[in-house]
Amino acid sequence: MIKKIVICCSIILASACGTGHSAVAYSNKNKALAKSVTKTVNRIIPINQENKTQSSKSNNSTNEISNTKSTNSSEVLAATTRVKVTTAMVLEYIEKYKEIAKQDMIEFGIPASITLGQGILESGAGTGPLSMQANNHFGIKCHKEWTGQSIKYDDDTAQECFRKYNEPKESYRDHSLFLTSRDRYSSLFKLNKEDYKSWAKGLKAAGYATDIAYPTKLIGLIERYQLQKYDFEVLGKNYFAPSLNSIDTTTVATMTSSELHLVIKGDTLYSISKRYSISIEDLKRKNNISDSGIALGQKLIVK
């Protein structure tokens, strides 16, 4: 149930799960509190609200990531509505839920990288209206079998029924049960647990999301925050973090400033390609970029 997303230097993401490139930040919109339980529920009305919260938490598990990007950079995560967050807030979300995702991988066989990536994408790093008001981090709708609490929200159609949980952990567990209990997702569990790219593509093919770019956005998010390392931890394997560009750093070190471009806020592959008169495909090939995601502070070969 994903709608619109664009991944960029300051990543732009969107959600609403089928269950459900610019580094420019947009203003945040949140939703007013909605009454829950399966009674008549008032419609959630958007209100303007700038999210000014910035986390200063940093630990050994996130230092590797935070050292490669500014934790003050802004991102837009559209979890049924647009919400403005910082990189630090996404890192804090990862730190908060990574153990739950790893445990669910052990019990259900879903890569922790996929679970965490979808959680960030669908919930706006825990700041979207459904996650704030219903602890629903994966945009899972009620469906006919749901007998628990619910909340009404405008998505593909007006006032759709979404599942409501007492705490986020229940949402994570229900996400695992949702995928393992439906035949349409059965082919995913034949995939290699390290192959997050095939899992992302498989989710789209099975109908989890309606956005055709969903796999690209999910893969870009996983790679930006190196979420695949949690899969390796569960599997008991060593994880070697790729370089920021996934290109030979020695080669980059020997190049002149005129041959390199340092990604800044507002840059996209398109704008960079125009500036240096190089095609987007050549730009991606030179820098081993498999999708449209670039990060602040990243060095790109442009000559």
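Ile212 sits in the loop that joins H6 to H7, where helices (H or I, at least four residues) and strands (E, at least two) are DSSP runs numbered from the N terminus. This is a predicted model, in which local features need pLDDT of at least 70 and side-chain atom pairs count only at pLDDT 80 or more, while totals for chains, interfaces and linings use all residues. Residues are numbered from 1 along each chain as its sequence is written, and side-chain values use heavy atoms, with hydrogens and water left out.

Student: Is Ile212 buried or exposed?

Tutor: Relative accessible area decides this, with buried meaning under 20%, exposed over 50% and partly exposed in between (1.4 Å probe, protein chains only). Because its relative accessible area is 75%, Ile212 counts as exposed.

Student: Which residues is Leu227 in contact with, leaving aside its neighbours within four places in sequence?

Tutor: Leu227 is among the residues with the most contacts inside the largest core. Taking contact as heavy atoms within 4.5 Å, and leaving aside neighbours within four places in sequence, the partners of Leu227 are Ile94, Ser113, Leu116, Gly117, Ile120, Leu221 and Ile222.

Note on methods:
Core = buried A, V, L, I, M, F, W, Y, C linked by side-chain atoms within 4.5 Å.
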